[in-house]
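Reader: I'd like to learn how to read a protein model feature by feature. Could you walk me through one?

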Amino acid sequence: MTIKSLGNPYSDKTDLRHGADCGCDGCKASHDGHAHHEKTMSSEEMLERAVESAIVRSVFGHSDIGRRSFMGMLGGTTVAAALASVFPLDQAKAAILDNLGTPEKTDLNIGFVPITCATPIIMAQPMGFYARYGLNAQVIKTAGWAVARDKSLAGEYDASHMLTPMPLAMTLGAGSVATPYIMPAVENINGQAIVLSNEHLDKRDPTQWKGFTFGVPFEYSMHNFLLRYYVAEFGLDPDKDIQIRVVPPPEMVANLRAGNLDGYLSPDPFNQRAVWEGIGFIHTLTKDIWEGHPCCAFAAPLSFATELPNTYGALLKSIIDATQYASNPENRKEISEAIAPTNYLNQPVPVIEQVLTGTYADGLGNVQQVPDRIDFDPFPWHSMGVWILTQMKRWGYIEGDIDYRAVAEQVYLAADAKKVMEDLGYEAPDVTYKSHTIMGKTFDPANPEGYVSSFAIGRG
């Protein structure tokens, strides 16, 4: 199997992002439709190459165009020698390898729900990101979030694709037995939509939705909290004026077709699948409710990280590296093909491409161009965790006093994400809190209780 992200950083022919003009053997083989067999690399060789690539990318400010131009002018061998004369490359590689250590456990089971939000976790298997860090990880398709939670709690999964509110809720014991969980990386930002049945083409105004039944994938989900926020801003009480049902994502389209739902706020590809099937239209993207909102994440029991620290570190590197690869729009078509098969998303490639590339039919006769309809950024902002907790408090999912910052910082491991991002040569924020704007209203993470009490509609 070709592992494309391990291109030679000193070659002017190789685009380390593997864009359309990349001339590496793996990309040429993909373009030509021929199989390509590379020399098998050991786990240590993979790590050394990853570190070396990260250092070279950093030297050129992560500009692959600049790197390739420079290599073409001077030659890769000359540049490698010059870099080695001023930077202890071998010592740096050795230090990182020693710091990471050999994974205590290499055979891992990682659960995922078949949605595009799970893209980094899924693609990391067929595209070799787990293998790069010495892991034999199997990704296991899971029917829905309750199953994912229960299998994780039971120890059947070493780690899991989860919704960003889930590890917060599980740590607090909301909806399950309280068990400390960690979330060291976000999988995707944006990437959801509100879909309505074609029977409601004349009801684009949310004030007309009184009596509607909507589906969300799980109670402790951004989908539930964003839907509640959205309708409440239009004066509807989500617990009185509409009905919200938990429906596993793969069942959303069938329920819309059967008339059991008037609409849903769901992960993709099921929003786009409703358009593809001709039964629904996209009312709004969730990025238009909150630009850059988190959705899904990589999470695990705290015990996984404490008992298997090297395995945890290798897995986090795999996930963050895959997430950064997915963040490059030039890679999205390749990724769409990798995650489409039956054992992953089981969806037509064109449906996934419309989601990942942001060029899509909206079901209203238009083709939209929204490149960041879904995007990928692994950094778990503590302020996002605080916002989620405020909505759990607002709607009665948690009660009593809560130390918002302490819980967010216990669960969202921003320091781990930052270290791994920088080790891999990616930029990471120097702060973990910032303000967020949701439907024109600013959320200040320094005043969460004031924010909760500022809403006219809620259970608090």
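**Reading the model**

Author: Happy to. K240 lies in the loop between helix 10 and strand 8 (243-246). Keep in mind that this is a predicted model.

Reader: Which residue is 30 residues from K240 in sequence, and how far apart are the two in space?

Author: That is K210, and the C-alpha to C-alpha separation is 8.9 Å.

Reader: What does the protein look like as a whole: how many helices and strands are there?

Author: There are 20 helices and 16 strands. Of the 460 residues, 58% are buried. Among contacts between residues at least 6 apart in sequence, 76% join residues at least 24 apart. The accessible surface is about 17600 Å², and carbon and sulfur atoms account for 50% of that.

Reader: How should I describe a pair of packed helices?

Author: Two packed helices are described by the angle between their axes and the distance between those axes. Here, helix 10 (residues 222-233) packs with helix 17 (residues 382-394) at an angle of about 65°, and the axes are 11 Å apart. That angle makes helix 10 roughly perpendicular to helix 17. Their crossing is left-handed.

Reader: Which residues make the contact?

Author: Helix 10 brings M222, F225, L226, Y229 and A232, while helix 17 brings W387, I388, Q391, M392 and R394. By class, that is eight nonpolar, one polar and one charged residues.

Reader: Where do N190 and M439 lie, and what is the phi of N190 and of M439?

Author: N190 belongs to strand 5 (residues 189-190), and its phi is near 60°, a positive value. N190 is buried, at 1% relative accessibility. M439 lies in the loop between strand 15 (436-438) and strand 16 (441-443). The phi of M439 is also positive, at about 50°, and M439 is partly exposed, with a relative accessible area of 27%.

How values were computed:
Residues numbered from 1 in each chain as written. Predicted model: local features only at pLDDT ≥ 70, side-chain atom pairs only at ≥ 80, totals over all residues. Heavy atoms only, no water. Helix = DSSP H or I, 4+ residues; strand = E, 2+ residues; numbered from the N terminus. Buried < 20%, exposed > 50% of the residue type's maximum accessible area, 1.4 Å probe, protein only. Contact = heavy atoms within 4.5 Å. Areas by Shrake-Rupley, 256 points an atom, 1.4 Å probe, with all protein chains shown as cover. Axes fitted to C-alpha atoms, helices over the stretch in contact; angles between N-to-C directions. Parallel < 35°, antiparallel > 145°, perpendicular 65-115°, else oblique. Left-handed = near helix turned anticlockwise from the far one by under 90°. Nonpolar A, V, L, I, M, F, W, Y, C, P; charged D, E, K, R; others polar.
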